[in-house]
Amino acid sequence: MKAMTQVSGQAISLPDADIDTDIIYPARFLLITEKKGLGRYAFADRRDDPGFPFRVQEDRPILVAGPNFGCGSSREQAPWAIGDLGVRVIIATSFGDIFANNCFRNGILPIQLAPADVQAVRASAEAGKIITVDLVSRTITAAGAPIAFSVPDDQRETLLNGWNDTTRILALHGEDVTAFEAAQQRAAPWLWTTRI
Amino acid sequence: MVRTLYEKLWDAHVVTQAGDKALLYIDRHLLHEVSTPQSFEALREDGLTVRRPETQLAVADHSVPTHDRDGAIADPQAAAQIALLERNCAQFGIEYLALAGEDQGIVHVIGPEQGFTLPGITLVCGDSHTSTHGAFGALAFGVGASECGTAMATQTLWQARAKTLRVTFTGALQPGVSAKDMALTFIGTVGASGATGYAVEYAGDAVEALSMEGRMTLCNMTIEAGARTGLVAPDAKTFAYLKGRPRAPQGDAWEQAVAAWRALPTDPDARFDREIVIDAAAITPQVTFGTSPDQVVPIGATLPSDDKLAKPMRYMGVHTGEAIEGLAIDHAFIGSCTNGRIEDLRAAAAVIRGGHVASGVRALVVPGSMRVKAQAEVEGLDEVFEKAGFEWREPGCSLCVAMNDDRLPAGARCASTSNRNFEGRQGVGARTHLMSPAMVAAAAIAGRIVDVRKVLA
């Protein structure tokens, strides 16, 4: 995974509430079994709307979204497609839980802020200003004073280092898992003896 | 120390702790063709194997055709995707339930009917409706494709513990009202993100009275309120449903398991972070009118006025002040992981009563699994549906996700038992009204949205 420390650039504003992952990545494109190059399908059914802020060729790494962004389906194609368009940071008042988790695992930082703070960042986005998101100091700098944000420690560290979750668990916790399994075989043997 | 069901499930699966996260042991993983190609690819890239292949079970459901399944799959992309799942499973030693076999079906239907889903376990799947399995008192939640890969390679996932929310349904449901109406009432009450960050436990007389099928419907829709996990405490009904299922424990192991499962329900004095009480007796049939499952009204209502609803209502072609009852439909869909089980088909068939699908309406019945289909055929439900003009299909996700050729044209209006009324969910520009199986059957016959209680009266 690509490491992240600081992201700076213009932002896209997409204020609609409840943008679900079906809108982000329509289901008919889920027949594709690749994970790269999916940006061309992002928001496929909204692109014809002249007011829709996303374009295929983007050079804006920050997205200021509306409430409950990424709700619905767990499809990881949603962050893959958005990431393919160059987005590295998404700012909103709330996110679909699975989507936010999928973002973290793909080098995209979802930042949850209070409505007034989102509004302030959105104003800068709509004015075309450069916005800087710093994961080290956990601040967003746009117009005015820097806005502090919080992010879970483990996910922040993973993003800062670009770690692979799977190989890291195997390297650091292999023995813990083996010990857990031995204990579960004693406590719940039916989970181990049954034909599954 | 007193604990909730969720806390007991959580505590029993913590491998190790770091800050506010726990490395959670994953007992079971269900795989389907759409969310796993990239998971397997990641395993290959990292040179990894599946730690316990015997805890994984795969089936194709999302992109499968629901008609003409004897020959090759017509859509080359779908055929390739399904073949890839089969190859990946063979390579990594995972059991795959063949498309032509008698056990194929939607992941969230086959897990329980195989006895793969059990109380007290953790279960994941690359699908947000994995919350369904919580109906058995399992900690089950949807994950993305990369987490599927991590779960396969390590049998664990890093997770944050959720806050707890108990939703108590008091009293008894009225005739013509079902678990789907309970789910839509809850979602309408808290909103589409109202339960984000919570693990929801459903309790109360009306939940205890539900069949396992009804409890699955309720837990299935939990994600539509933002929560990844929905739970119902296991009880005698849970055990009766599972006993003798192909993959459930047998003999002494069964007795031992049931004894342990009896200790799972929430302790009487346990505290929840949040409580909601809903009067089940006051629930009437629910119908969605917008493009989010929380945009829902009771059948007797007129549509609300709210600036925030202007866009979804424009998409849906409905208007403030208009009654939802009487709205003409041209499609009806009975099926999905929400409402594709035998009880759902029985409830829909019971409404038909010699009637026929209205002229100009196309109606599909898609059983949730081959076993559901076989049971329905034993009961003669297929004949009831076909005689009434419904199409009787093969199992799959079908019009709930519209990845196969079951897709609606732009502007079509569908009464649907599925779980999402999102824009384009059933086809680009198509309009979806979510409701119960009985309500969909009644709408198909009438050609418009009607109150099923009047039909049954």
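Predicted model: local features only at pLDDT ≥ 70, side-chain atom pairs only at ≥ 80, totals over all residues.
**View 1. A salt bridge at A:D153 in chain A.** Let us start with an exposed residue: A:D153 has a relative accessible area of 54%, which puts it in the exposed class. A:D153 meets A:R138 in a salt bridge, with N to O at 4.0 Å. The two residues are 15 apart and belong to distant parts of the chain, A:D153 to helix α5 of chain A and A:R138 to the loop between β6 (131-134) and β7 (139-141). A:R138 is partly exposed, at 28% relative accessibility.

**View 2. Chain A as a whole.** Here we step back for a moment to take in the setting. Chain A holds seven helices and eight strands, and its C-alpha trace spans about 60 × 40 × 25 Å along the principal axes. Of its 196 residues, 55% count as buried.

**View 3. Helix α3 of chain A.** How many of the eight residues of α3(A) are buried? Seven are, so the helix is largely enclosed by the rest of the structure. The buried residues are A:I98, A:F99, A:A100, A:N101, A:N102, A:C103 and A:F104.

**View 4. The interface of chain A and chain B.** In this view, 53 residues of chain A are in contact with 70 residues of chain B. The area buried between the two chains is about 5100 Å², and carbon and sulfur atoms give 56% of it. There are 22 residue pairs in polar contact across the interface. On the side of chain A that touches chain B, the elements giving two or more residues include α2 (77-84), α3 (97-104) and α6 (165-187). Which element gives the largest share of that side? It is α6(A), with 12 residues. By class, this side of chain A has 18 nonpolar, 17 polar and 18 charged residues.

**View 5. Salt bridges between the chains.** A:R46 pairs with B:E423, their closest N and O atoms being 2.6 Å apart. This pair crosses from the loop between α1 and β3 (62-65) of chain A to the loop between β18 (413-416) and β19 (431-434) of chain B. A:R46 is buried, with a relative accessible area of 10%, whereas B:E423 is partly exposed at 24%. A second bridge joins B:K311 to A:D16 at 2.7 Å, N to O. These four residues, A:D16, A:R46, B:K311 and B:E423, are linked in a network of salt bridges.

**View 6. A salt bridge within chain B.** B:K454 and B:E325 form a salt bridge, with the closest N and O atoms 2.8 Å apart. B:K454 lies in helix α17 (residues 452-456) and B:E325 in the loop between α11 (310-316) and β15 (331-334), so the pair ties together parts that are 129 residues apart in sequence. B:K454 is exposed at 54% relative accessibility, and B:E325 is partly exposed at 27%.

View 7. Our last stop is the loop between α4 (107-113) and β6 (122-125) of chain B, the place of B:Q114. Is B:Q114 buried or exposed? At 1% relative accessibility, B:Q114 counts as buried. Leaving aside residues up to four places away in sequence, B:Q114 touches B:D103, B:R245, B:P246, B:R247, B:A248 and B:R371.

Definitions and conventions:
Residues numbered from 1 in each chain as written. Chains lettered and ligands numbered in written order. Heavy atoms only, no water. Contact = heavy atoms within 4.5 Å. Buried area = accessible area lost by both parts, 1.4 Å probe. Salt bridge = Lys/Arg side-chain N within 4 Å of Asp/Glu carboxyl O. Polar contact = N/O pair within 3.5 Å; in protein donor to acceptor, adjacent residues only side chain to side chain. Helix = DSSP H or I, 4+ residues; strand = E, 2+ residues; numbered from the N terminus. Nonpolar A, V, L, I, M, F, W, Y, C, P; charged D, E, K, R; others polar. Buried < 20%, exposed > 50% of the residue type's maximum accessible area, 1.4 Å probe, protein only.
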